[in-house]
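Please open the model in a viewer and keep a selection tool at hand.

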Amino acid sequence: MEQQIKERLKTVIHPETKQNIVESGMVEKISIEEKKIHISLRFKKARDPFASKIRREVQESIESAMAGYAVIVTLREGEAPKQQPEKPRTMTTGVAHVVAVASGKGGVGKSTVTANLALMLRDMGYRVGVLDADIYGPSQPKMFGVEGYMPEAEHDTETNFDAIIPAEAMGLKLMSIGFFIQPTDALMWRGTMASNALRQLIHQTRWGTLDFLLIDMPPGTGDIHLQLINELKLSGAVIVSTPQQVAVADVVRGVEMFRHPQVNVPVTGIVENMAWFTPEELPENRYYLFGRGGARRYAEENNIPFLGEIPIIQRVMEGSDEGRPAVLNDSRVEEYYRSICEKLVENVMKSC
Ligand code: ADP
């Protein structure tokens with residue numbers, strides 16, 4: 001989004017220098033906070049006669065491009081003060097691809113899919129981290145059997161940065177909002193507090209070098225989604241749905257959010273979870289409990305990659321409950337996830 005604002009600001013020209021305000025270094029700072037965009041402009045000359053004209057142009061141009069945001073323009077004069085040696089702002093610089101795992105609504109298996117995708121990508125030889133950002137029901141600590149983990153902070157004197165140490169489980173780096181909240185806190189943590197905590201978890205977690213960081217998003221679409229989209233450069237989004245029509249209807253909103261021109265995150269693909277049920281004693285039979293192929297159809301009709309289906313399998317549920325995701329101990333589940341992950345990797349690479 002910041003880049004988009006910058007591009008827009010390039011159209012504002014200083015009438016005297018005839019240079020655009022970005023290239024001439026007048027845009028000192030752009031920051032986005034909830035529904036506000038702050039832009040700080042620096043005029044080398046004191047009492048520049050064009051200052052208020054430029055301010056108005058900036059305001060109008062950004063307001064019309066970013067509907068729903070209030071734009072606050074601050075003017076400064078003179079040479080910029082000498083910069084302090086910059087503190088690194090984020091520990092995500094070693095992360096090659098951030099992929100959000102989202103769903104239109106809760107209970108469709110988004111967290112289960114995230115955990116199994118992460119382990120399958122690990123088995124394919126990638127370095128993988130998981131950020132559990134589901135503030136309404138963080139379940140990754142349980143899925144990976146690290147519920148009691150208490151993250152510590154470590155000051156790195158070289159970079160002057162306070163890093164938070166992630167849990168290491170099954171070869172993955174794992175950070176969860178669930179390490180910081182109790183289920184009873186959930187209400188209190190919604191909104192601003194959760195969003196501040198998430199910001200810290202994104203940027204301060206010592207992720208190290210990763211090929212993929214998967215984010216278990218909260219269900220639906222909301223402020224937390226926009227915040228995550230703003231804080232991180234997402235390589236793509238995987239959307240999990242069941243075949244039910246109502247679940248698919250919610251997927252549409254998710255897809256629209258990621259595809260919105262101001263968001264512009266490629267939809268890596270849709271996974272249809274709980275696609276059918278096969279009883280152990282009748283392995284050839286498939287029972288389409290939630291309807292048949294709804295998510296696949298939606299994907300095909302809307303030109304969205306379809307990554308694959310996962311049936312209802314008891315081991316999947318038990319694996320999540322026991323802290324050992326099912327790709328680790330069920331060859332059928334492994335097969336489904338391998339095929340999904342191969343397409344996922346291909347699509348992420350294609351879109352970057
Ligand atoms: P969400 O993150 O979308 O709220 P969860 O991943 O918590 O959903 O899954 C909801 C429930 O469904 C959990 O009990 C989980 O174990 C179970 N589940 C998810 N996918 C499957 C599947 N393919 N087969 C059987 N149970 C599943």
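Rings of Phe, Tyr and Trp (its six-membered ring) pair if their centres lie within 6.5 Å; planes under 30 degrees apart count as stacked, over 60 as edge-to-face and the rest as tilted. The model is predicted: local features need pLDDT of at least 70 and side-chain atom pairs pLDDT 80 or more, whereas totals for chains, interfaces and linings use all residues. Residues are numbered from 1 along each chain as its sequence is written, and side-chain values use heavy atoms, with hydrogens and water left out.

**Aromatic cluster**

Select Trp276, Tyr288 and Tyr336, which form one aromatic cluster. A search of the whole structure finds four aromatic pairs. Among them is Trp276 with Tyr336, an edge-to-face pair at 6.4 Å centre to centre with 75 degrees between the planes. The two residues are 60 apart in the chain, Trp276 in strand 12 and Tyr336 in helix 11; helices (H or I, at least four residues) and strands (E, at least two) are DSSP runs, numbered from the N terminus.

Is Trp276 buried or exposed? Trp276 counts as buried because its relative accessibility is 5%, buried meaning under 20% relative accessible area, exposed over 50% and partly exposed in between (1.4 Å probe, protein chains only). Tyr336 is partly exposed, at 25%.

Next, display the open sheet of eight strands, whose order is 8-9-5-10-4-11-12-13 with mixed pairing; two strands pair if DSSP finds at least two bridges between them. Strand 8 (167–169) and strand 13 (306–312) are the edges, each pairing on one side only. Within the sheet, select strand 5 (residues 128–132) and strand 10 (residues 210–216), which pair in the parallel sense over five bridges. Leu131 stands opposite Ile215 in strand 10.

**Helix 7**

Move to helix 7 (residues 223–231), where the buried residues are Ile224, His225, Gln227, Leu228 and Ile229. Their cover includes helix 6 (192–204), strand 10, strand 11 and helix 8 (245–259), with contact meaning heavy atoms within 4.5 Å.

**The hairpin**

Finally, select strand 1 (residues 27–33) and strand 2 (residues 36–43), an antiparallel pair with six bridges. They form a hairpin with two residues between them, and Glu34 in the turn has a positive phi of about 45 degrees. Ile32 stands opposite Ile37 in strand 2.
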